[in-house]
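Opening the notebook on this one. I want to go through contacts, rings and pockets in turn.

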Amino acid sequence: MGEKPAAVARVEAAAIDKGLKISVVETSSSARSAEEAAQAVGASVGQIVKSLVFRGRDTGKAYLLLVSGANRVDETLAVQTIGEALERPDADFVRSATGFAIGGVSPLGATAELSVYMDEDLFQHATVWAAAGTHKHVFEVVPLQLRSATGAVICRIA
């Protein structure tokens, strides 16, 4: 499986810094989509945390939305919660805002401060799985611990 990627090490260090004990798993196949990740770890799609980056239309600010893999972001609800219209940024913006490539964006270890919002549906599960810096690395976590570690605002966004 080789040497650990720097992005994964950054996620692990951020978890330690936040007092969160995680164990990063390298999947044998891609976990780029919620469906792939669920299959790779033997979880339901709803247990997968999609870490989606949006850009504020007016401010250009990056927002990280942690969404259940079973849900799609309802942009009207997101705008009501965040207070700004959102747009989907390109891959360069995502990497610049987080330090991660699309498909590996983690809720932990971003290279810049992000405002984080967490889908209330993730709390239906005892544990959830999130990306750990690459499209093949994931970690399992209790939703409340993830919320505490990220400082996320819990909301209905889907």
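I count a contact when heavy atoms lie within 4.5 Å. This is a predicted model, so I take local features only at pLDDT of at least 70 and side-chain atom pairs only at pLDDT 80 or more, while totals for chains, interfaces and linings use all residues. Numbering runs from 1 along each chain as its sequence is written, and side-chain values use heavy atoms, with hydrogens and water left out.

**Ser 68**

I looked up Ser 68 and found it in strand β3; strands here are DSSP runs of E of at least two residues, helices are runs of H or I of at least four, and both are numbered from the N terminus. Is Ser 68 buried or exposed? Ser 68 is buried, at 3% relative accessible area. My cut-offs are under 20% for buried, over 50% for exposed and partly exposed in between, with a 1.4 Å probe and protein chains only. Setting aside neighbours within four places in sequence, Ser 68 is in contact with Gly 46, Ile 48, Lys 50, Asp 119, Asp 121 and Leu 122.

**Rings**

I found one aromatic pair in the structure. Rings of Phe, Tyr and Trp (its six-membered ring) pair if their centres lie within 6.5 Å; planes under 30 degrees apart are stacked, over 60 edge-to-face, and the rest tilted. Which residues form the pair? Tyr 63 and Tyr 117 do, in a tilted arrangement with 6.3 Å centre to centre and 50° between the planes. Tyr 63 is in strand β3 (residues 62-68) and Tyr 117 in strand β5 (residues 115-119), so the pair ties together parts 54 residues apart in sequence. Tyr 63 is buried at 6% relative accessible area, and Tyr 117 is buried at 12%.

Next I checked charges over rings, which need NZ of Lys or CZ of Arg within 6 Å of the ring centre and within 35 degrees of the ring normal. The charged end of Arg 10 sits over the ring of Phe 100, 4.4 Å from its centre. Arg 55 lies over the face of Phe 93, 4.6 Å from the ring centre.

Arg 55 belongs to strand β2. Arg 55 and Val 94 are 39 residues apart in sequence and 9.0 Å apart in space, C-alpha to C-alpha.

Asp 17 is in helix α1 and counts as exposed, at 63% relative accessibility. Asp 17 and Ala 149 are 132 residues apart in sequence, yet 9.1 Å apart in space, C-alpha to C-alpha.

**Pockets**

A pocket is an open set of points on a 1 Å grid over the protein atoms alone, where a 1.4 Å probe fits, with protein on both sides within 12 Å along at least five of seven lines; lining residues have an atom within 4 Å of a point. Volume is the space filled by probe spheres set on the points, joined across faces, edges and corners.

The largest pocket has a volume of about 390 Å³. Of its 22 lining residues, Arg 32, Ser 51, Leu 52, Ile 102 and Gly 103 are the closest to its centre. β2 gives the most to this lining, with six residues.

The second largest pocket has a volume of about 310 Å³. Its lining has 17 residues, with Lys 18, Pro 107, Gly 109, Ala 110 and Glu 113 nearest the centre.
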